[in-house]
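Please examine the model shown below before reading on. The briefing that follows is grouped by topic.

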Amino acid sequence: MKLFNTLTKNVEEFVPNVEGKVNMYTCGPTVYHFAHIGNLRSYIMEDVLEKTLRYAGYDVKRVMNITDVGHLSSDADTGEDKMLKGAKREHKTVMEIAQFYTDAFFSDCAKLNIKTPDVVEPATNCIDEFIHMIEVLLEKGYAYRASENIYFDTSKLESYYVFGNQSEEELMVGVREDVTEDENKKNKNDFVLWFTKSKFEDQALKWDSPWGVGYPGWHIECSCISMKHLGEYMDIHCGGIDNMFPHHTNEIAQSEAYLGHKWCNYWFHVHHLNDQSGKMSKSKGEFLTVSLLEQKGYDPLAYRLFCLQSHYRKPLVFSYEALDQAAGTYKKLKKRIADLDKEGLVDEAAVADHKEKFVEVVGNDVNTSMGITLLYDALKEELNGATKRAIVSSYDEVLGLNLLAEEETAANDVDAELEAFVMAKIEERKAAKKEKNFALADAIRDELLEKGIAIKDTREGVVWERV
Ligand SMILES: [Zn+2]
């Protein structure tokens, strides 16, 4: 396998720390709101990476955190507390908000065929681990106390901007909202490990610590949670490109200061989903969620295909026209696969050859669009239907598009047709009753009954059921 590594800015041969095994970590969602489909693009592409590694024969362990404390709206140490903001908005407690949006996140993931990582850990489960790591950083001289907060001292590092160009990163800081100077910081890039002097009077979640009652900063959680489950050496750390700075930069700073050695070898960053005007953000325009796409009649897997059609290191431009195209392609592709005959014996050698080719192509820096091309190529080949189906089923282990689920689709189509038919009849009957044509109204009711549909007049309107 080959992977682009943000640390070196090169596509490298992937070599795990332990042969055959992969330790993988993903920054999870901050559960204060529904996930935007732009964030879900990252999770889709990380899912494909994980599945490609498994497909290539690696034994993968993947861990993800759930951020339910400490994440401020600037991604640094300024701005509002995101969880608190969610709780205020909905007049609920922070923990209720966390539970609700954690469930909503995994429900979206299920609809998008994103596998749940092997370990999912909320930050609030790991306060003792955070405190321990901060204590070690203080002992080693990498952290200091100022105005009752504990800060990481970036001047103690040989290099802080591990992802490269400092001026670029400064530009990124410049565009962040609410960048105010914190006069307690010794250096501009120092960041909070533990807040005791909270600027949020009504901070809901607080814990005892050796430095007083407070709560952890956001960055510390990923370092601790990954080490808790994956040990001191990590193979791949994933996240959206917007997390590269300051979040991932700070994760590396504190992890390597704590460990005294290199922590993670490969950094996998998924680029933004943009609208035509630039970056899509949660604050601008229509808030795009999986549920909204469903309400508009899209199959969430059409969105997955839309993401798979482009490379994860390129910005992807979203528009409904583009999504319509992907949805059309998805429907046609499924139909074409459904039409394959089931006769004949599976040519196992051909399936194995195709699998090898797929690993080579998609394993080259997660080239999903080439993977889809391979799928079309296989459908065009001189192979029997059973063999083609076996190849599709194999590729779908990585693509995750439910390509062989034609029976289910057919059943849904029947349901939709029946629903439309019954609704039309109910409308006809309503019109007949309005015109006092009760004979016609009864005739319509009987016609439906003959088809096994019973209708009932209720105070909420007409309801129907199969009998
Ligand atoms: Zn993280």
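**An open four-stranded sheet**

The model contains an open sheet of four strands, ordered β6-β7-β8-β9 and paired in antiparallel fashion. Because β6 (143-146) and β9 (215-216) are the edge strands, each with a single partner strand, one side of each has no neighbour in the sheet. This is a predicted model, in which local features need pLDDT of at least 70 and side-chain atom pairs count only at pLDDT 80 or more, while totals for chains, interfaces and linings use all residues. Residues are numbered from 1 along each chain as its sequence is written.

**Sheet details**

- β6 and β7 (residues 149-152) run antiparallel and are joined by four bridges.
- Ala 146 lies opposite Asn 149 of β7.
- Strands are DSSP runs of E with at least two residues, and helices are runs of H or I with at least four, both numbered from the N terminus; two strands pair if DSSP finds at least two bridges between them.

**Overall architecture**

- The protein chain has 15 helices and 16 strands.
- Its C-alpha trace spans about 85 × 60 × 40 Å along the principal axes.
- Of the 467 residues, 38% count as buried, that is, with 20 or more other C-beta atoms within 10 Å of their own, the C-beta atoms being placed from the backbone.
- Among contacts with a separation of 6 or more, 76% are between residues 24 or more positions apart; a contact requires C-beta atoms, placed from the backbone, within 7 Å.

**Helix α7**

- Helix α7 (residues 244-259) is largely enclosed by the rest of the structure, because twelve of its 16 residues are buried.
- The buried residues of α7 include Phe 245, His 247, His 248, Glu 251 and Tyr 258.
- Gly 260 follows α7 and has a positive phi, near 80°.

**Domains and their contact**

- The chain is divided into domain 1 (2-270), domain 2 (279-404) and domain 3 (408-466), with bounds from an automatic or database domain assignment.
- The centres of domain 1 and domain 2, taken over C-alpha atoms, are 31 Å apart.
- Their contact takes 26 residues from domain 1 and 27 residues from domain 2.
- On the side of domain 1 that touches domain 2, the elements giving two or more residues are β1 (2-5), α1 (37-55) and α3 (94-111).
- α1 gives the most to this side, with twelve residues.
- The residues on this side of domain 1 divide into 15 nonpolar, five polar and six charged, where Ala, Val, Leu, Ile, Met, Phe, Trp, Tyr, Cys and Pro count as nonpolar, Asp, Glu, Lys and Arg as charged, and the others, Gly among them, as polar.

How values were computed. Contact = placed C-beta atoms within 7 Å.
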